[in-house]
Amino acid sequence: MRENRTEPAVSMIAGLSDLLRRVLEDSGKQEVTLGEEMEFLETYLDIQKTRFADRLQLSVNVPSEFQSARVPSLILQPMVENAIQHGIEKQAAGGAIHIAAARDNGILRLTVYNQGPRIPDNWEQLRSGVGIANVRTRLQSLYGSDCALMISNRDDGVEVLLAVPYKVNGS
């Protein structure tokens with residue numbers, strides 16, 4: 001607002017208000033539909049696009065047929081936040097984030113890839129952040145051994161893979 005960019009600032013404040021409202025509304029829900037999760041994530045990403053402008057390129061490949069799949073509430077946002085914080089923010093030119101969903105033998109696979117610095121091979125021994133630790137704990141409490149969270153280096157970035165049982169309401 002100080003730089004006379006009031007429209008983007010007002011939009012960002014409205015987005016933050018939407019995010020806070022959603023967190024409060026869904027605080028008691030363990031799972032939501034992937035469609036609801038993507039709506040929340042889109043609001044978060046709109047804020048980040050305002051912050052980073054041309055430095056942040058996004059691609060989302062979540063087929064509409066997965067919109068009713070059940071996922072842990074507020075599970076994608078911390079993964080995308082890490083991708084921005086540890087990938088995009090660290091590069092003057094920014095980079096790309098790719099979000100995708102796929103179904104494989106009764107498993108829903110969600111991936112968040114960020115173009116940016118690779119993580120050290122021993123990153124888990126060096127420091128495991130609170131966000132990833134919280135995601136792992138939530139997944140274990142909801143799905144036990146029927147889930148996975150893997151973080152790995154790719155050619156020019158880092159990918160987080162979340163795998164949970166594919167289920168829709170009533171299944």
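The following dialogue explains some of the terms applied to this predicted model.

Guide: Local features of this predicted model need pLDDT of at least 70, side-chain atom pairs count only at pLDDT 80 or more, and totals for chains, interfaces and linings use all residues. Residues are numbered from 1 along each chain as its sequence is written, and side-chain values use heavy atoms, with hydrogens and water left out.

Visitor: What helices and strands does the protein have, and in which order do the elements run?

Guide: The protein has five helices and seven strands, in the order α-β-α-β-β-α-β-β-α-α-β-β from the N terminus on. Helices (H or I, at least four residues) and strands (E, at least two) are DSSP runs, numbered from the N terminus.

Visitor: Why is H2 called roughly parallel to H3?

Guide: Helix H2 (residues 34-52) and helix H3 (residues 76-88) pack at an angle of about 25 degrees, and their axes are 9 Å apart. Angles under 35 degrees count as roughly parallel, over 145 as roughly antiparallel, 65 to 115 as roughly perpendicular and the rest as oblique; therefore H2 is roughly parallel to H3.

Visitor: Which residues make the contact?

Guide: Contact means heavy atoms within 4.5 Å. Among the residues that make it are Phe40, Leu41 and Tyr44 of H2 and Val80, Ile84 and Ile88 of H3. By class, the contact of H2 with H3 has eleven nonpolar, two polar and two charged residues. Here Ala, Val, Leu, Ile, Met, Phe, Trp, Tyr, Cys and Pro count as nonpolar, Asp, Glu, Lys and Arg as charged, and the others, Gly among them, as polar.

Visitor: How do you know whether Ser73 is buried or exposed?

Guide: Buried means under 20% relative accessible area, exposed over 50%, and partly exposed in between (1.4 Å probe, protein chains only). Ser73 has 3% relative accessibility and so counts as buried. Ser73 lies in the loop between strand E3 (70-72) and H3, and its C-alpha atom is separated by 9.7 Å from that of Phe40, 33 residues apart along the chain. Of the 171 residues of the protein, 40% count as buried.

Visitor: What makes Asn105 count as exposed?

Guide: Asn105 has 77% relative accessibility, so Asn105 counts as exposed. Asn105 is found in the loop between strand E4 (95-104) and strand E5 (107-115), and phi of Asn105 is near 50 degrees, a positive value.

Technical notes. Axes are lines fitted to C-alpha atoms, for helices over the stretch in contact, and angles run from 0 to 180 degrees between N-to-C directions.
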